[in-house]
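Here is a short briefing on a structure. Look it over first, then read the points by topic.

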Amino acid sequence: MTKKKLWSLGFFMILPSIILYWFYFSKPTSFPTNEQLVEEMNRNFPEATASVIQETIPVGERNVLVPFISKRGDYGLSYWVWKNHKWKVASIDTKGEPRLWKIHKNDPSSFYFVWNIHPKDQLSSIHFYMIRDRGYRITKGVEHYEPRVQMEKRVSLQEKSYGWMQLSHDWVAIMNAYRKAESAKLPEQDLFFGWIPYDQMNKETFPESSVNGTGYSNSEVDLEHVMIVNRGDIEFPR
Amino acid sequence: MEIHVDFNAIDTVTETLGWIVIVFFANKIYQKQMVKPKVWKIPVIILAGLISLSINWNMFDVIVKLPILPLGVWILYFVRKRKDRAERWQTYRSFAWLGFGANFIFFASTLLTIPVHHAIYPKDEPSVHISKVTNAAIIKIHPSAKDRSLNKDSLLNQLDTLRQEPIYSNRWYEETIMNTESNKRNERFPYQLIGTSSKWGSGLHTLIYVEEDGKGILLSAPKMQLYFRSKDSLLEGGE
């Protein structure tokens, strides 16, 4: 009798744990086919009118970036996340202006710039920036000077319309240093991200066809807007 | 992911001391009582008694909590009073008030940590902020920085001989932005030193900028900055 009780107790403890584990923590299964991706995107967000999947790019174990072309000819981005034992589309942008995809919010080494630039915009390269403005303040006679941070990373767009790039070691190191030092102040300091698009003549340009899309998001992804900055706001000392 | 052992040793010590004092008083109360309460309930009552409305007060960059209203004691009073006969409340009352009193014990211990912390980790000494340099490296945070690397030996050797100098924040700022096209500006501190750690147990996190000539260090925390000059450059390579 007691043995039976023990058995059933064990059964009722272990079974739910297995189910919970399977539901929340198990390794992702194979990624859906392109047809399934298109179908799921258009079901969740009909405005996407997704038609051609360009590639499926695993970003870490549970995240996939899927650049796509819509029926209207737009170049967009979709973000897929393995959650509750299912591959789900977490966010869709009908146009592919760069964003910063933060896979783990508190770990800058898991941040990726992602983009899908319309070929019509004929960009040759993108320059990404991490910036904090120079400033000073004097409060009650105590002086404080903030040096300008301006770090740059160039990306060539010659081969593919889309791409992704992890933040470089230096950027991650600086961001981590700021997060630690200023945790007493504001969680997110004044560091921000920007980009400048360059055309085939290496002139600053505006990518008409790649900006101002519409989007869908079920709020399971952390996507930061990366704003276009002017060359005039960037310092080129040499 | 790197694992960081990083804590404020003095806070940990005083907090532990605070709890020892509380346990001491709890035991004293218990011994004195004629009608003994259940032992396992005592920590619960004390913890509940801790709940209070308090004002946060910033003293020398340390947040101290000054308790005003004993919310936990009141809640316990109403709960206990309704549940049991009044005399039962009597057996727990002292512990509830001890819980509230614990707030003052912690308040006093925080006050105590300020001078102690200052004595053990004098903030105006660079060696408190830059203690271990094994993994130190320099990062160019501005395009006006030249390709130079950190000279660890030079940094280590000069840590104790750095001269503190005043910060002229608005002069530095004006010098940088005036007389230069906005596009051509240099940064006075174009390098940042990373990978150093502060003295063990200090819990300090300081941003460390290095001046363009490699002979100046700006230690920067949200509420305090210190500026030091060295005799020899802390950087090597480049020119």
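A salt bridge here is a side-chain nitrogen of Lys or Arg within 4 Å of a carboxyl oxygen of Asp or Glu. B:Asp213 and B:Arg229 meet that rule, with their closest N and O atoms 2.8 Å apart. The model is predicted. Its chains A and B bury about 3,000 Å² between them. By the salt-bridge rule, the count over all chains is 17.

**Chain A overall**

- Chain A holds 3 helices and 16 strands.
- The C-alpha trace of chain A spans about 85 × 55 × 25 Å along its principal axes.
- The radius of gyration of chain A is 23 Å, whereas a compact globule of 238 residues would have one near 18 Å.
- Of the 238 residues in chain A, 48% are buried.
- Take the contacts in chain A between residues at least 6 apart in sequence: 60% of them join residues at least 24 apart.

**The contact between chains A and B**

- Chain B brings 38 residues to the contact, and chain A brings 32 residues.
- Carbon and sulfur atoms carry 57% of the area of about 3,000 Å² that the two chains bury.
- How many salt bridges are there between chain B and chain A? The count is 2.
- B:Arg185 and A:Glu235 meet through their side chains in a salt bridge, at 3.7 Å from N to O.

**The salt bridge B:Asp213 to B:Arg229**

- The partners B:Asp213 and B:Arg229 have their closest N and O atoms 2.8 Å apart.
- This pair links distant parts of the chain, 16 residues apart. B:Asp213 sits in the loop between β7 (207-210) and β8 (216-221) of chain B, and B:Arg229 in strand β9 (residues 224-229) of chain B.
- B:Asp213 counts as partly exposed because its relative accessibility is 32%.
- B:Arg229 is buried, because its relative accessible area of 16% falls under the 20% cut-off.
- Elsewhere, salt bridges that share partners join A:Asp133, A:Arg134, A:Arg148, A:Glu235, B:Arg185 and B:Glu187 into one network.

**The salt bridge A:Arg148 to A:Glu235**

- A:Arg148 and A:Glu235 pair through their side chains in a salt bridge, at 3.7 Å from N to O.
- A:Arg148 lies in the loop between β10 (142-146) and β11 (149-156) of chain A, and A:Glu235 lies in the segment after β16 (227-228) of chain A, so the pair ties together parts 87 residues apart in sequence.
- A:Glu235 is buried, with a relative accessible area of 3%.
- Why can such pairs form? Side chains of opposite charge can pair when their charged atoms come close.

**A:Asp74 and its surroundings**

- A:Asp74 forms a salt bridge with A:Arg72, and the closest N and O atoms are 3.8 Å apart.
- A:Arg72 counts as exposed because its relative accessibility is 53%.
- A:Asp74 is buried, with a relative accessible area of 14%.
- A:Asp74 is also touched by A:Ile69. Leaving out residues up to four places away in sequence, A:Ile69 touches A:Ala50, A:Ser51, A:Val52, A:Gln54, A:Asp74 and A:Tyr75.
- A:Ile69 belongs to strand β3 (residues 63-70) of chain A.
- A:Ile69 is buried, because its relative accessible area of 19% is under the 20% cut-off.
- The C-alpha atoms of A:Ile69 and A:Lys88 are separated by 19 Å, and the two residues are 19 apart along the chain.

**A nonpolar patch on chain B**

- B:Ile51, B:Leu53, B:Ile55, B:Ile68, B:Leu69, B:Leu71, B:Trp74, B:Ile75, B:Phe78 and B:Val79 make up a nonpolar patch on the surface. Their accessible area together is about 890 Å².
- Two or more residues of the nonpolar patch come from each of β1 (53-59), β2 (62-69) and α3 (71-83) of chain B.
- Which element gives the most to the nonpolar patch? α3(B) does, with 5 residues.
- B:Ile68, one of the patch residues, has its place in strand β2 of chain B.
- B:Ile68 counts as partly exposed because its relative accessibility is 46%.

Definitions and conventions: Residues are numbered from 1 along each chain as its sequence is written. Chains are lettered from A and ligands numbered from 1 in the order in which they are written. This is a predicted model: local features need pLDDT of at least 70, side-chain atom pairs count only at pLDDT 80 or more; totals for chains, interfaces and linings use all residues. Side-chain values use heavy atoms; hydrogens and water are left out. Patches are made of residues with over 30% relative accessible area and no salt bridge: like charges are joined within 9 Å, nonpolar side chains (Val, Leu, Ile, Met, Phe, Trp, Tyr) within 5 Å. Accessible areas come from the Shrake-Rupley method with a 1.4 Å probe; for residues, only the protein chains shown count as cover. Helices (H or I, at least four residues) and strands (E, at least two) are DSSP runs, numbered from the N terminus. Buried means under 20% relative accessible area, exposed over 50%, partly exposed in between (1.4 Å probe, protein chains only). The radius of gyration is taken over C-alpha atoms; the globule rule is 2.2 Å times the number of residues to the power 0.38. Contact means heavy atoms within 4.5 Å. Buried area is the accessible area (1.4 Å probe) that two parts lose on being put together, summed over both.
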